[in-house]
Amino acid sequence: MRNFGIIAWIFSTILMSCNTDKSKTRIENPEYTKTEQKTDTLTKHLKPFNPALPTIGLLMYNGVLQSEVIATSDVFAKLTEDGKQIFNVISIAETENQITTEEGMHFVPDYTFENCPKLTALFVPSAYDMYAQVNNDKIVNFIREKNKETKYTVSNCAGAQLIGKSGIADGHKIVTWIGGGEQLQKDYPNLKVQNDSLVTFVEDGKFSSSNGNLASYISALNLVEKMTSPEHRKFVESYLYLDRLQNWNE
């Protein structure tokens with residue numbers, strides 16, 4: 001019994017020692033008692049719509065190739081070197097419903113055809129299957145009407161089909177996806193379709209176009225330079241590490 005009492009005393013002493021150490025730890029390390037601070041990361045990254053700034057409109061619809069939307073946003077949403085916002089970049093779709101891209105990502109458009117603000121530039125992207133878009137009068141009419149107010153209208157890849165259907169670029173040079181030029185010329189004989197196997201990007205008046213996909217960066221960078229300066233274009237290119245992509249073999 002005496003041994004049992006000694007063991008019990010030792011055990012209780014160890015417990016008291018552990019509790020004492022823990023309480024000291026809490027006092028000496030106030031981090032344990034701090035309330036977790038939550039940060040609003042969404043608000044920090046929002047770029048407010050400023051009606052005084054040029055507005056870049058990104059047309060969207062189900063099945064759109066997301067690279068052609070992201071490329072334009074990537075270029076025009078960049079701030080200046082001293083941190084100033086110089087463009088509004090907005091997405092537009094026929095309705096407020098969520099858009100599902102060809103690659104399976106989901107986007108919620110900022111505006112619809114009904115409430116879209118005045119645009120300085122409209123970018124028309126493509127899909128692998130353009131039948132639904134070319135035969136959608138609401139999309140075609142939106143492009144036709146917005147072209148009356150835009151200073152620049154740009155198509156990437158098979159977005160040229162929508163430009164052709166709208167008739168807004170009749171008599172102007174245009175290029176489409178690699179392999180799609182012959183059919184584009186047949187469908188819309190009033191367009192001056194360029195050889196897509198040789199031409200990546202073409203500009204004719206207010207209209208410009210590219211082969212699409214990553215070549216969409218070319219049309220966006222060309223226009224951002226035209227609307228700002230060569231220096232800002234170089235800054236955006238450096239921000240995007242495009243020099244690393246150009247020299248990737250090295």
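**Two helices side by side**

I started with helix H3 (residues 66-76) and H8, whose axes come within 9 Å and cross at roughly 30°. For my own reference, axes are lines fitted to C-alpha atoms, for helices over the stretch in contact, and angles run from 0 to 180 degrees between N-to-C directions. That angle makes H3 roughly parallel to H8 (under 35 degrees is roughly parallel, over 145 roughly antiparallel, 65 to 115 roughly perpendicular, the rest oblique). Helices here are DSSP runs of H or I with at least four residues, strands are E runs of at least two, and both are numbered from the N terminus.

Before going further I noted that this is a predicted model: local features need pLDDT of at least 70, side-chain atom pairs count only at pLDDT 80 or more, and totals for chains, interfaces and linings use all residues. Residues are numbered from 1 along each chain as its sequence is written, and side-chain values use heavy atoms, with hydrogens and water left out.

Which residues meet? I listed Glu-68, Ala-71, Thr-72, Asp-74, Val-75 and Phe-76 on the H3 side, and Ser-216, Tyr-217, Ala-220, Leu-221, Leu-223, Val-224 and Met-227 on the H8 side. Contact means heavy atoms within 4.5 Å.

**Salt bridges**

Next I searched the whole structure and got 8 salt bridges (a side-chain nitrogen of Lys or Arg within 4 Å of a carboxyl oxygen of Asp or Glu).

I looked at Lys-78 with Asp-74, which pair at 3.1 Å, N to O. Lys-78 is buried at 14% relative accessible area, while Asp-74 is partly exposed at 21%. The cut-offs are under 20% for buried and over 50% for exposed, with partly exposed in between (1.4 Å probe, protein chains only).

Then came Lys-226 and Glu-203, with their closest N and O atoms 3.1 Å apart. Lys-226 sits in helix H8 (residues 216-227) and Glu-203 in strand E10 (residues 201-204), so this pair ties together parts that are 23 residues apart in sequence. I have Lys-226 down as partly exposed at 43%, and Glu-203 as partly exposed at 33%.

Arg-233 bridges to Glu-225 at 3.0 Å between the closest N and O atoms. Shared partners join Glu-225, Arg-233 and Glu-237 into one network of salt bridges.

**Ser-91**

Last, I checked Ser-91: buried or exposed? Ser-91 is buried, at 9% relative accessibility, and lies in strand E2 (residues 88-93). Leaving aside neighbours within four places in sequence, Ser-91 touches Leu-58, Met-60, Val-108, Pro-109, Asp-110 and Tyr-111.
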